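Thanks for coming. I have one model to go through today, so let me put the sequence and the coordinates on the screen.

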Amino acid sequence: MREEMVLKTGWKFSDGIVEGGELCSCMENKMEDVVIPHDWAVGRHYRPDMKYGGEQGFLDRAGIGWYRKHLALYGIREGYHYDLVFDGVYENATVWMNEKLAGFHRYGYSGFRLDVTSLVKEGDNLLAVKVDNSDSHPDRWYSGAGIYRRVRLEAIPCCHMDPDEIHLKTEVKDHTGTVTARITIIEGNTSEEQLRMPVHVSMEIFSQGISEGKTEIGPVKEQEAELSLVLPSVRRWDAENPCLYEVVLTLRQGAETDEIRRKIGFRTIEWNVHQGMSVNGSPVKLKGVCLHHDAGSLGAAATSKTWHRRLELLKNMGCNAIRTSHNIPDELLMELCDEMGFYVLEEFTDKWRDGSYGRFFDEDWKTDLGYMIKRDRHRPSVALWSVGNEVDCQGSGFMLDILHMLVCEVKRLDGERAVTCALSPHYADDSKQEWMAVPERLDAIERIAKEVDVLALNYQEQWYELIHERLPETVILGSEIYMFFRGHEELCMNYSTDNPWMEVERSSYVAGGFVWAGIDYLGESMGYPSKGWGGSLIKSNLVKKPVAYLWESYWSDQPMVYFCVQDYTLMDDLSREHWSCPRLAPHWNFEQYGRTVIPYMIFSNCEEVRVYINDIRYYVKRPSQCESRIVSGFLPYVPGCVKVVGVNDEKEVCSYELQTAGPAVRLKLEPDERIIPAAPDEIVSVLVSAVDRNGTVCFKDRSLLHIKVDGAASLAGVDNGDLMDPYPFQEARVPLHWGKAVLALRPSLEPGAVRILVWADGLMAAEETLEVR
């Protein structure tokens, strides 16, 4: 039976050159204990003078890192095949097992598999990995550094199925579902006796642990085999009801068995200009966000729980789609999109030859693209593939040649899904001379549209109508849209306030839009001291910004209402203006004024909104009467309580309150869970707030927190959501921002109590005890 050992703990790490780092004689006493996933750059101090500083958030990832782990292997089975599997190492990884070279992999976002059958031995085994970022052009965003995704060792029967060559296809008509599996069989170093044994392959499908059907073929005499199974009554998968089935593929030869499991879903997706995208026959708008791969204070070392927390926050806003910008995503993220119900625009890479991937494109594009497609083509969440983003010379001859090559390869590997390429508003010829006139841009777009199934456009909603007139049978998708402003036909960054989502709602041929970006990320800074991109709906510490509630009002079916002020006394975070929004803030504290009026905005999906200040009602327009359904205006500043109420059919259905905060008197801790599994990748979040004597969060409090964590957990990171803050993520102190900060705790393998103490000058300290089990 196939066995898997996930290699999370017991790793040693050294930041820098280690002579003979692959040798057993190398001393480990000065190496650091780390847990995989691990990012060595995120804990470093910021360097304003570093090369590619803005792109990398001024976190210096350059250099070499060494990882070592001792594996105790007992009962190595004769005839078995042993593979090391890495989901992602950034970057240029060289791997040794027991001082012998096992292999090398270059690209940081594609996983790889190494055969170490001849290198492992009974007893202690030394695994060593050298990661070399000393001479690599980074991404336009924070890349991270090190073994930042899962690692595992697989023990596989000699005759087995190739996990990278399994192709599962689902079809559904009415209530009947069909699953077809194509597999490749590898015989390995099979003995003559075993070769004479017949091979049988079966496929069984489970729903919530109950078998729904089984089929078997054999004896199989060819290297490839195909099985098909019809289920008479299936439940369909969609974002609202993500119903999954488990496929269990089993290969038997004599007493040996190989088994591989995959999750699938039954659903249909179609694209047409009358419905945009339809899922299971019903039109669905893609209510999406673009996500980069970092996780704030954890850097690139995101865990399943980290991703789940992020997706859950987005899901509760009504978001139903994710664009994996702009690289092969973590498999953990993809698994959660299947389980939680998200449609995914899965993207291969950023630019082709001109960007960071240009170092590898010509030699590795087919291998890396194939890795992504083969890994994820069975997933119901994958709605369409993107082969690139904002590539050079869009519409030129050589760009079209590369696009055609990539699209053909995707369709060869997966003929079921649509393929696209995300286009910037800039189009140019082979000499990089940009076409500025709108008709010339439309000509370029028309040439590109012939190569793709869906036209994915970044920041081009000002041309949607013109493009539709030119290409009336082409579906348009806003692969990147601004969160507040939109462009003009003659000027892409015009600061018009007709929100880009309005164009999605108005036009049946527009399948949806992906806001840039969903969550603030590290890198792509507009200049020091900003360490990242702040033009997003949610802060890096997962505190929602006021503008997130605007999008919740567009996307959510649940009645909601939200009130915020425009406060231009707040410091900016150097976000690019057109990707940003007015200076919105969730507070009602303007003690610097005697008598004045305050500009505000109200976001609601209700028919009517009612506004009260200290129980006095102020009358405002309905959302439907306002541009972009944003209720705005002025209110007199009177300390106390601002209350907004959402009304449907003359009934109050939701409300929101902002209370003037008094002086901060104490700190408050809010862990997202109190009973924690004893697993180092089960990262726990603890929200720290400064509150007044009534428990109201003091938005303007900037107290410097001091943090102490004892017992069965350690402090993995601290993030106040302020990208301008100079404190390193892994330091045990941080100033509050918007009156809040978030701690990330890493539990130990040993059960026990976790004691958290947080204090600041002038405030009552907060203490909590959690339990690791």
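Which residues does the UniProt annotation "domain: Glycosyl hydrolases family 2 sugar binding" cover? According to that record, an unreviewed entry, residues 62–156; UniProt positions are given in the numbering used here, feature names are shortened, and annotations may be inferred rather than shown by experiment. Over residues 62–156 the chain is 0% helix and 49% strand, with the end C-alpha atoms 37 Å apart. Helices (H or I, at least four residues) and strands (E, at least two) are DSSP runs, numbered from the N terminus.

Some ground rules. This is a predicted model, where local features need pLDDT of at least 70 and side-chain atom pairs count only at pLDDT 80 or more, while totals for chains, interfaces and linings use all residues. Residues are numbered from 1 along each chain as its sequence is written, and side-chain values use heavy atoms, with hydrogens and water left out.

Now the aromatic rings. Rings of Phe, Tyr and Trp (its six-membered ring) pair if their centres lie within 6.5 Å; planes under 30 degrees apart count as stacked, over 60 as edge-to-face and the rest as tilted. By this rule there are 38 aromatic pairs. Take Y459 and Y482: the ring centres are 4.4 Å apart and the planes are at 25°, so this pair is stacked. Y459 sits in the loop between β27 (455–458) and α7 (464–470), and Y482 in the loop between β28 (476–481) and β29 (486–488), so the pair ties together parts 23 residues apart in sequence. Y459 is buried at 4% relative accessible area, and Y482 is buried at 2%; buried means under 20%, exposed over 50%, partly exposed in between (1.4 Å probe, protein chains only).

By contrast, W516 and Y521 have ring centres 5.9 Å apart and planes at 85°, so they are edge-to-face. W516 is buried at 3% and Y521 at 2%. One aromatic cluster is formed by Y90, Y107, Y109, F348, Y357, F360, F361 and W365.

Last, helix α3, residues 331–340. How many of its 10 residues are buried? Eight, among them L332, L333 and M340. The buried residues pack against several elements, including β10 (151–156), α2 (304–316) and α4 (361–376), where contact means heavy atoms within 4.5 Å. At the N-terminal end, D330 caps α3, with a side-chain oxygen 3.1 Å from the backbone nitrogen of L332. After α3 comes G341, whose phi is positive, near 90°.

Note on methods. A polar contact is a pair of N or O atoms within 3.5 Å; within protein, one must be able to donate a hydrogen and the other to accept it, and residues adjacent in sequence count only if both atoms are side-chain atoms.
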